[in-house]
Amino acid sequence: MKIVMIGAGYVGLVSAVCFSDFGHQVTCVEKDRTRLDKLRAGKVPIFEPGLDRLMTHNIAEGRLTFSDDLGTAMEGADAVFIAVGTPARRGDGFADLTYVYDTAREIGEKLKTPTVVVTKSTVPIGTNREVQRIIDSCNPPVKAEVASNPEFLREGSAIEDFMRPNRIIVGVQSPSAEEVMRHIYRPLNLRETPIMFTDLETAETIKYAANAFLATKITFINEIADLCEKTGGDVQQVAKGIGLDARIGGKFLHAGPGYGGSCFPKDTLALVQTGQQHGVPQRIVETVVAVNDARKSAMTEKIIAACGGSVEGKRIAVLGVTFKPNTDDMRDAPSLVILPELMTAGAAITVCDPEGGAEARRLLPGVDWVEDAYSAADGADALVIITEWNAFRGMDLRRIADLLSAPVFVDLRNIYPPEEVEEAGLAHTGVGKGSVN
Ligand code: UGA
C-alpha cells in the first residue's frame with residue numbers, strides 16, 4: 001500500500017515508521033524545515049524508545065521517505081493520513097483545528113488520484129464530517145473519502161502499542177474505504193487484533209470516551225488514596241483487590257500526583273466542552289477534571305507537611321519531572337505546578353530527571369539540575385519522587401539517608417515499600433498509605 005502521513009509529530013512519526021515496518025511504502029510530509037532536515041538526516045526529533053532503530057531500518061530499506069511536497073506525495077496514494085497537531089486553543093481550551101482544516105483544504109486543492117483521507121489526530125466529534133466538507137468544497141477532480149482512525153498509543157511504549165494494539169477503531173463511510181483500511185492493518189491479522197468499523201462520529205467518540213474513562217479510573221483511585229490516608233488502609237492493596245475483579249481490571253489504578261501529559265488533560269476538557277455545547281453536561285468527567293487539577297496543589301501541601309509544615313529556606317531534591325517515565329514530554333506534568341509552588345513557599349529545588357531536557361529547563365526556571373539521585377539528595381532537607389523512572393527504583397536508601405540533611409522521603413508514586421524506607425532511617429510519606437496509629 002502507498003501511504004502518505006501528513007505531520008511528523010509524535011503520532012505521525014510513530015505511525016509512519018510502524019506502517020513502513022509493516023511493509024507499506026510511506027511518505028511522511030512535514031512542513032517544518034528544521035524538523036524535515038533532521039528526519040532526512042535520519043535523526044529522531046522526539047524521545048521514544050525503539051523509534052530511532054526502527055526508523056533507520058525502514059529508511060535503509062527504502063520504504064520510508066520524508067518530503068515537504070504534499071501534491072507529489074499524494075499521487076497514487078491509497079491513503080493519506082492527517083496527523084497534524086490539535087493544540088488546546090488559548091483562552092477557551094478547545095482543540096485548535098486550524099492545522100487539520102488547513103491540511104484538508106490543501107488535500108482538496110492538490111488531489112489528483114482518488115484516495116482515502118484518514119484522520120489520526122484526536123479531533124472533536126463532528127470534525128471528520130467537516131474535513132469531508134472542506135475537501136469536497138475544493139472540487140477535486142477525483143473522490144477523497146474521509147475516514148477516522150483514532151490513535152491509542154502511550155508515550156514511552158508507542159512502538160509496542162502500535163505493533164500489538166488491543167484494537168483498531170476505524171470510522172468509515174463506505175465498504176471501499178473499509179477495504180483499504182483492512183488492507184493497511186492486515187499485518188496485525190497474525191496477532192488476531194480486533195478491528196472495529198463504525199461510522200465517523202462513533203469512532204471519534206470512542207477515542208474521547210476511552211481517554212476520559214482511563215482518566216476517571218486514575219482519579220477514582222486517587223480519591224480512594226485520600227480516604228485511606230484518613231481512615232487507614234493501603235491504596236495499593238485496595239487497587240489490587242478491586243482490580244482482580246475482571247469487570248474492573250487492575251490497570252490505571254496506580255494512585256499518584258494526578259494524571260498529566262498531552263492527552264488526558266486535553267481530551268477530558270474537550271469532552272466536557274462538547275457535552276456543554278450540546279446541553280448534555282458530562283458531569284463525571286467535569287468532576288474528574290476539577291479533582292485532578294486540585295490534586296497537584298494538594299501534593300505540594302503533602303510535601304510541605306512532610307517537611308514539618310514549612311519549606312522556607314529548605315532544599316528539596318526532586319526526582320523526575322516529566323509527566324511520566326520514558327518520555328521527555330513535560331505537557332501538563334504535575335511537577336509544573338508542584339515545583340513553582342514549593343519555590344513560592346521558600347524552598348530551593350534540585351532536580352534530577354533522565355530525559356527532562358531543554359523543555360523542562362525552560363519550563364522550570366530557577367531550579368538546579370544534577371545528573372543523578374545521589375547528587376540531588378546531597379545536603380537536601382527532603383527527597384521527593386514525582387516521576388517513577390527506572391533509575392529511581394533501585395536506589396541505595398541508606399546512602400540516600402546519609403546524604404540528606406533531614407530524613408524526609410516523599411514517594412508520590414509509591415515505588416518503595418514504606419518499611420524499606422523506614423528501615424533505612426528515613427521518614428516515609430507515600431500516597432494512600434494510611435495509618436490509624
Ligand atoms: C494516553 C492513553 O493511555 C493512550 O491510550 C492514548 O492513545 C494517549 O493517551 C493519547 O490519547 O494519545 P499517555 O498520555 O501517553 O497515553 O500516557 P498514560 O500512560 O496513559 O499516562 C497518562 C497519565 O496518567 C500520566 O501522567 C500517568 O502518570 C498517569 N497515570 C497512569 C496514573 O497516575 N496512574 C495510572 O495508573 C496510570
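The structure is a predicted model.

Two packed helices are described by the angle between their axes and the distance between the axes. Helix 9, which spans residues 200-231, packs against helix 12, residues 283-306, at an angle of about 45°, and their axes are 10 Å apart. Helix 9 is therefore oblique to helix 12. The crossing of these two helices is left-handed. On the helix 9 side, the residues in contact include Ala-212, Ala-215, Thr-216 and Thr-219, while helix 12 contributes, among others, Ile-284, Val-285, Val-288 and Arg-295. Sorted by class, this contact has seven nonpolar, three polar and five charged residues.

Helix 9 also meets helix 11, which covers residues 264-277; their axes come within 9 Å and cross at roughly 115°. This angle makes helix 9 roughly perpendicular to helix 11. Here too helix 9 passes in a left-handed crossing. Lys-207, Tyr-208, Asn-211, Ala-212, Leu-214, Ala-215 and Ile-218 of helix 9 touch Phe-264, Asp-267, Thr-268, Ala-270 and Leu-271 of helix 11. The contact comprises eight nonpolar, two polar and two charged residues.

Attention now turns to the ligand. It is surrounded by 19 residues, of which Phe-152, Leu-153, Glu-155, Lys-207 and Asn-211 are the closest. For Glu-155, a backbone N or O atom lies 2.7 Å from a ligand oxygen atom.

How values were computed:
Residues are numbered from 1 along each chain as its sequence is written. This is a predicted model: local features need pLDDT of at least 70, side-chain atom pairs count only at pLDDT 80 or more; totals for chains, interfaces and linings use all residues. Side-chain values use heavy atoms; hydrogens and water are left out. Axes are lines fitted to C-alpha atoms, for helices over the stretch in contact, and angles run from 0 to 180 degrees between N-to-C directions. Helices (H or I, at least four residues) and strands (E, at least two) are DSSP runs, numbered from the N terminus. Angles under 35 degrees count as roughly parallel, over 145 as roughly antiparallel, 65 to 115 as roughly perpendicular and the rest as oblique. A crossing is left-handed if the near helix is turned anticlockwise from the far one by less than a right angle, and right-handed if clockwise. Contact means heavy atoms within 4.5 Å. Ala, Val, Leu, Ile, Met, Phe, Trp, Tyr, Cys and Pro count as nonpolar, Asp, Glu, Lys and Arg as charged, and the others, Gly among them, as polar. A residue is near a molecule or strand if one of its heavy atoms lies within 4 Å of it. A polar contact is a pair of N or O atoms within 3.5 Å; within protein, one must be able to donate a hydrogen and the other to accept it, and residues adjacent in sequence count only if both atoms are side-chain atoms.
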